[in-house]
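Subject: Structure handover

Hello,

My notes on it follow below.

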Amino acid sequence: MLDTAQTLPDDPSRLKDMVAALASENKTLSGELNARDVLIEKLKHQLAGMRRHRFGAGSEALDQLELVLEGEEIAAAAQQAQDDPTEPSQAKNQPQIKPKRKPLPDHLPRDEQILSPGESCGQCGGKLKYLGEDVTEELEYVPGRFRVNCITRPKLSCACCETIHQAALPSRPIERGRPGPGLLAHVLVSKYADHLPLYRQSQIFGREKVDLERSTLADWVGKSTALLEPLAEAIGRHVRDGQAIFADDTTVGVQAPGTGKTKTGRVWAYVRDERPWSGDAQPATWYRFTPDRKGKWPLDHLANFAGWMHADGYAGFNELYRQGRVNEVACMAHVRRKFFDLHASQGSGVAAQALRRIARLYQIEDEARGQPPDARKIIRQSKARPAFDDLEAWLNAQLPKISGKSPLAGAIRYALNRMKKLRPYLDHGVLELDNNTAERAMRSIAVGRKNYLFMGSDRGGKSAAIAYTLIETAKLNNVDPQAWLSDVLGRIADHKITRIDELLPWNWDGA
């Protein structure tokens, strides 16, 4: 650059060349500065979003080995429960070290139950005489205290033919196991509803002088979820029978065997909730675990579903839509979130105006909520459609006025693209403005993930999905999952699989 006027040449043509060169250089520098400004704006926006969405300051340090063993043992117990008992186990020919079973503490109160075979012989009608008895102790849990159920089965012999009689032991959730159904329900609810890892539960039980190792609790969880799997599948069928469902997925850590590291699995939630339009069906959430996020999984999960699906813009759902059985409904909450982040991080006036226009759509939804589908459609046609069209036209008008590389332009383009997929809600009273129903279903996964960090294996992930399906569906129906699961676990072993729907939370006698 020239410092003084004395260095300028006198030749006009040379001066013109210098001016042209300076103009070109200035244009290049201006472009670089603009690019940097856009980059800085994007980075500031991303940083603000990360700060806002960050879930807490940090995770509590946990015993990694305990968590690895917990997940692996749940998976092993669940697999063992599913194995064909007629097939020889590979482990039978191998030496096994079984932990010595400790006697149940004497200080626990006992509830005695005597099962008598009767007073006369079923073979010849003769009178029975007392020979002795077998006592089976079952550790049960009543909320707030432990109890021991003593099941006494006297052995009687016929005075005439000496036939020995004894009442059969009732079916139990875990054959030859000690836990009662109430205790099993308590462990499941504590882990998957209250987010207490099993090693913490073991510590809590220890304070009551009841020695239950984490590995024992893991075995119970795996076998309980295997027993309850038909009930979870029944909930899945109920969800897929709906006209419209909500879908979402989230990440979970899964132990990678032999590596000492974790891999990323997914938990999917499919929700049926017709309460906003006064539908007759009960609300339910069906969870599924998969080792990755490939599109083949939702295609498999929803193979028997036909209808509307509220979801985000995940490309893995596209094959579902291409097949024509499932119709996409986008989510206004995702659109709103981008403008909210921009307004929070930059104070953008355009973002604030977009938020006000979106808020108008939610105000109309408040008026439509709880109305039958026909009434909701009328409200939306008369009030929501004009507001929706106005928002779309206004966004199109704003886009040419701002830098195409700015986060604001990105948010507007995203909104315009997703709003095309959201229009069906205006014409169908069974649809919603957003996918918040599915996102709410993910909260329990997020909180649990923060506490137990990862699952021991893919089979352990499946066990977790079964437990979450049962517990979250019970909560949606205002049913106490502890009381419901206590009853179901005590009955399901003898319950006919063809009548499994009788055990669903909304059909439960104790509801």
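Helices here are DSSP runs of H or I with at least four residues, strands are runs of E with at least two, and both are numbered from the N terminus. On that basis the protein has 15 helices and 10 strands. Please keep in mind that this is a predicted model.

Some overall figures come before the details. The protein has 511 residues, and 46% of them are buried. Of the contacts between residues at least 6 apart in sequence, 68% join residues at least 24 apart.

Helix H10

H10 covers residues 373-398 and has a kink of about 45°, centred on Gln381. Its buried residues are Arg376, Ile379, Arg380, Ala384, Ala387, Phe388, Leu391, Glu392, Trp394, Leu395 and Gln398. The cover over these residues includes helices H8 (332-346), H9 (349-368) and H11 (407-422).

H8 against H11

On the H8 side the contact is made by Met332, His334, Val335, Lys338, Phe339, Leu342 and Gln346. H11 contributes Pro407, Leu408, Ala411, Ile412, Tyr414, Ala415, Arg418, Met419 and Leu422. Sorted by class, this contact between H8 and H11 has 12 nonpolar residues, two polar and two charged.

H14 against H15

H14 passes H15 in a right-handed crossing. The residues in contact are Leu470, Ile471, Ala474 and Lys475 from H14, with Pro481, Trp484 and Leu485 from H15. By class, the contact of H14 with H15 has six nonpolar residues, one charged and no polar.

The loop between H14 and H15 holds Asn477. Is Asn477 buried or exposed? Its relative accessible area is 14%, and buried means under 20%, so Asn477 counts as buried. Setting aside residues up to four places away in sequence, Asn477 touches Gln282, Pro283 and Trp506.

Two other residues

Gln201 lies in helix H4 (residues 198-206). With a relative accessible area of 2%, Gln201 is buried. Which residues does Gln201 touch, not counting those up to four places away in sequence? They are His186, Val187, Ser190, Lys191, Leu196 and Leu217.

Trp297 is in helix H6 (residues 296-301). Its relative accessibility is 22%, so Trp297 counts as partly exposed. Leaving aside neighbours within four places in sequence, Trp297 is in contact with Trp268, Thr290, Pro291 and Asp292. Trp297 and Phe317 are 20 residues apart along the chain, and their C-alpha atoms are separated by 9.3 Å.

Regards

Definitions and conventions. Residues are numbered from 1 along each chain as its sequence is written. This is a predicted model: local features need pLDDT of at least 70, side-chain atom pairs count only at pLDDT 80 or more; totals for chains, interfaces and linings use all residues. Side-chain values use heavy atoms; hydrogens and water are left out. A crossing is left-handed if the near helix is turned anticlockwise from the far one by less than a right angle, and right-handed if clockwise. Contact means heavy atoms within 4.5 Å. Ala, Val, Leu, Ile, Met, Phe, Trp, Tyr, Cys and Pro count as nonpolar, Asp, Glu, Lys and Arg as charged, and the others, Gly among them, as polar. The bend at a residue is the angle between axes fitted to the seven residues ending there and the seven starting there. Buried means under 20% relative accessible area, exposed over 50%, partly exposed in between (1.4 Å probe, protein chains only).
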